[in-house]
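Colleague: Hi! Please take me through one part in detail: the place where the two chains come together, and the space beside it.

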Amino acid sequence: MEKILKFLFRKSNKLNQGGFTQLVDFGDAISSRTKSASPKFTTGFTLVEVLVAISIFTVSLIGIMSVLASGIANTNYAKQKMIATYLAQEGIEYIRNMRDTAVLYGNGNPWEGSFKAQLSSCNDPDEDNNPCGLDEPPFGVTVCTNPSDCRLYLDNGNYSTTVSVVDSGFIRKIWMVPIGAGNTDEVKIFSRVEWTQGSGGYNVTFSENLFNWIEI
Amino acid sequence: MISVSIFLIIIMVGMGALLNAHRLHQKSNNMRSILDNLSFIMEDMSRSLRTGYNYHCIDSTNDDDLFGDVSVYSCENGGGGISFDSTSDPVSRWIYFIGDCGDNTNGICKSVDGSDLIQLVPSEVTISSASSFTVIGAEPPPNEQQPFVTIRLVGEINIKNVVTPFSLQTSVSQRNIDI
């Protein structure tokens, strides 16, 4: 019996060499069982095992942390995108208001003479090569000769191209593409808001087709 | 003994990091919900104003009489509120007002046909006095300008003592033709 047990535990110790080491000096235990009731166990982790365990734990922790970091970055991105979306929408509404005011109260051929004439400098079939910034009311547009001219500054809650101390980080570009050849009654307006976050550049672009809704 | 000590220290530090991560995750989630809420309020106000008409700016000259004084139309320098006719069925007079809705916090209040002011923002959001409604061209003809409203919301979100400032702005052009 003693021989069989010795054989089994020798085999068990060999199998356990890859995991937590449980050293059992059974030879003594078996032989001493007749002398003493408790076997002598020498149990514990070796340094290598601890390092392996810590490595596994650290790798899993890094995984969780990176997911969390991207979650926080996404929340910031959502915030910036929300602001950008409303600023882009404002650009469309601004041009729409110029159209309605021109068509309602302009003289002669208001669609061509008042509305499209005001946007002629932002006429950009190639898209985004010749953008404009929006003026503070009274309504009008100004060509951005370089991208920084379309930069929006933040002054007491007011986003505008009027230069102030606080740079909002957003650039808003407006441009127009006539639909069809000649004096057409349809234009497509683009409003793009760009911003930089982390190491990447992002943008939101809205577009809307505006029509000459008045019959002269 | 040394191995176990190292293991315990690392595990304790790691568990601390995990707990912090959990707390950050919760804050991030809360922030997302509040941003969604703010976005919804902005979208709701924009849509109501876009489809509404007969705008009246509520500024310092008439803010004691939200519904009564309709002599003020535009306010190019911005006012604390706006009243307008909503296209809801039946047509009703709506008010959006930035200030104390009766709960001692600065928020965005809404009132329909003189009903009590309803607070639209959650308690974590404080709207500052820099917020405003700028109304242009709301006067009846012969004023030659299609009505235009700019909404500015400035404030901060306070989640468990973490303060995040925000500054939102959008504009709407009245869809009804100004004739």
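How much area do chain A and chain B bury between them, and what share of it is on carbon and sulfur atoms?

Modeller: Happy to. This is a predicted model, with local features needing pLDDT of at least 70 and side-chain atom pairs 80 or more, while totals for chains, interfaces and linings use all residues. Residues are numbered from 1 along each chain, chains are lettered from A in the order written, and side-chain values use heavy atoms, without hydrogens and water.

Chain A and chain B bury about 3,800 Å² between them (accessible area lost on being put together, 1.4 Å probe, summed over both), and 66% of that is on carbon and sulfur atoms. Chain A brings 39 residues to the contact and chain B brings 48 (heavy atoms within 4.5 Å). On the chain A side, A:Y86, A:E93 and A:Y105 lose the most area to chain B, together 18% of what that side buries.

Now the space. The largest pocket holds about 590 Å³ (an open set of 1 Å grid points with protein on both sides within 12 Å along at least five of seven lines, volume being the space filled by 1.4 Å probe spheres). Its lining has 37 residues (an atom within 4 Å of a point), and B:E76, B:G78, B:S132, B:T134 and B:R152 are the closest to the pocket's centre. Both chains contribute: α3 (47–105) and β6 (158–160) of chain A each supply at least two lining residues, as do β2 (75–79), β4 (92–100), β8 (132–136), β9 (148–159) and β10 (162–173) of chain B (DSSP runs, helices H or I of at least four residues and strands E of at least two, numbered from the N terminus). With four residues, β2(B) gives the most to this lining.

Methods: Buried area is the accessible area (1.4 Å probe) that two parts lose on being put together, summed over both.
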